[in-house]
Amino acid sequence: MSEHSDFIRGTCTDMCPARERRLREREGLLHILELPEGCRLHPPPKANPQLTVKSFSRSAAGQLAPRRDELRPPAVLQKTVHYLLKDVAQRQEVDWCVVYDFVFDRLRAVRQDLVIQGLNPKHGIMILEPIVRFHCYAGYRLCSQPASKFDATINHTHLLECLTRLLVLYDEVQQCCHVSEERREMEALYLLVALGDGQALTRALQLPTKLRRRGVVHTALVMSLAMWNGNYARVCALIPQLPPLLMCAAALQLPNIRRRALQVMSHAYSCRNLTFPLDALQSLLLYRSCKETASDCQRHGFTVEGSSVVFSRAAFRADVRGACQQLDCVDTALESCSLPSLLLHSKQ
């Protein structure tokens, strides 16, 4: 994203270009989250420049190049991201799935403006960091929602797309004397999103020593190595030690962690006369209750007898994929911080 004279430079000073505002006002296309709370829909409301945000539009063959007054410069893009994640993300009059869909679309438009203008790495980093946090947080908050309301796969795809691009930008502006806390957070997040992945581990092991040998990057690296080595109990034990956002990312890996752990235990404890206590398994793999533990074991093909599970190598169902669920430790951690502080590292 190095700035170059060949790139067009935006001049739009509002979050939404005037031409788009007029069009959406005329066609009744203003989103409910672009209107003041309690605003009546009839007669059709006027577009408020302080609330209307540019929507995402796919590029099409034969489409004219965007005009300068339709592209937002870096300062306006940053202002838009802060508005979406500080004000809109906390709106409570509609379901948060609706909030997510709106913010997702508008952030995608921000990224589009960013790419079209070929902005320099420092601008890209400042804009992409909070967008990555949004996708990570949303993935956890909405993980129990049905596919009709939240597409976890699409959210994960965009999370990875933004995160990998962000890591490339970090490499472009790498400074030997100083490593920001934001970069530490993002490097750790990549390890957790790709837990146990060889490519992610290779990158982490090639990071400067001062970056990977302490703090959240070190913890995430230990967890990823433990996953690589099949030490799933170690992975689970370290999740509660992470900061709230990173806990969100790690919690989404639990279905896979549990499936692999149960597969190992189906071999290690495969004996008709041997049982394993459900409460111990609950604690080991961070289930919320013994009932939830028993249910998951049964879905994987094991028999539950009273307060214990009977593991069997032959009974294990490798095709079962567990659903993501929220964790008490993560929910407690999220309650201790505001959404702006989580997504924007803002105190307000």
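Predicted model: local features only at pLDDT ≥ 70, side-chain atom pairs only at ≥ 80, totals over all residues.
Mentor: Residues are numbered from 1 along each chain as its sequence is written, and side-chain values use heavy atoms, with hydrogens and water left out.

Trainee: How many helices and strands does the secondary structure of the chain come to?
Mentor: Helices (H or I, at least four residues) and strands (E, at least two) are DSSP runs, numbered from the N terminus. The C-alpha trace spans about 75 × 55 × 40 Å along its principal axes. The secondary structure comes to 16 helices and 3 strands.

Trainee: What percentage of the residues of the chain count as buried?
Mentor: Buried means under 20% relative accessible area, exposed over 50%, and partly exposed in between (1.4 Å probe, protein chains only). The chain has 348 residues, and the buried share is 48%.

Trainee: Which residues touch the most other members of the largest nonpolar core?
Mentor: A nonpolar core is a set of buried Ala, Val, Leu, Ile, Met, Phe, Trp, Tyr and Cys residues joined through side-chain atoms within 4.5 Å. The largest such core holds 102 residues. Those that touch the most other members are Val 103, Leu 189, Leu 192, Met 223, Leu 262 and Leu 281.

Trainee: Which residues does Leu 192 touch, not counting residues up to four places away in sequence?
Mentor: Contact means heavy atoms within 4.5 Å. In the chain, residues 24 or more positions apart account for 73% of the contacts with a separation of 6 or more. With residues up to four places away left out, Leu 192 touches Ala 220, Met 223, Leu 242, Leu 246, Ala 249, Ala 250 and Gln 253.

Trainee: What is the angle between the planes of Tyr 100 and Phe 134?
Mentor: Rings of Phe, Tyr and Trp (its six-membered ring) pair if their centres lie within 6.5 Å; planes under 30 degrees apart count as stacked, over 60 as edge-to-face and the rest as tilted. The structure holds 10 aromatic pairs. Tyr 100 and Phe 134 form a stacked pair, 5.7 Å centre to centre, with an angle between the planes of 15°.

Trainee: Which helices hold Tyr 100 and Phe 134?
Mentor: Both residues of this pair, Tyr 100 and Phe 134, are buried. The pair links distant parts of the chain, 34 residues apart: Tyr 100 lies in helix H3 (residues 96–117) and Phe 134 in helix H4 (residues 121–141).

Trainee: What is the centre-to-centre distance of Phe 302 and Phe 316?
Mentor: Both Phe 302 and Phe 316 are buried. Their rings form a stacked aromatic pair with 25° between the planes, and the distance centre to centre is 5.9 Å.

Trainee: What separation do the C-alpha atoms of Phe 316 and Leu 262 have?
Mentor: Phe 316 is placed in the loop between E3 and H15, and at 12% relative accessibility Phe 316 counts as buried. Among the residues that Phe 316 touches, not counting those up to four places away in sequence, are Arg 259, Leu 262 and Phe 302. Phe 316 and Leu 262 are 54 residues apart along the chain, and their C-alpha atoms are separated by 8.2 Å.

Trainee: At what distance from the ring centre of Tyr 287 does Arg 258 lie?
Mentor: A charge sits over a ring if NZ of Lys or CZ of Arg is within 6 Å of the ring centre and within 35 degrees of the ring normal. Arg 108 lies over the face of Phe 56, at 4.2 Å from the ring centre. Arg 258 lies over the face of Tyr 287, and the distance from the ring centre is 4.0 Å.

Trainee: How many residues apart in sequence are the parts that Arg 19 and Glu 70 tie together?
Mentor: A salt bridge is a side-chain nitrogen of Lys or Arg within 4 Å of a carboxyl oxygen of Asp or Glu. The structure holds 26 salt bridges, and one of them joins the side chains of Arg 19 and Glu 70 (2.3 Å, N to O). Because Arg 19 lies in helix H1 (residues 18–26) and Glu 70 in the loop between H1 and helix H2 (74–86), the pair ties together parts whose separation in sequence is 51 residues.
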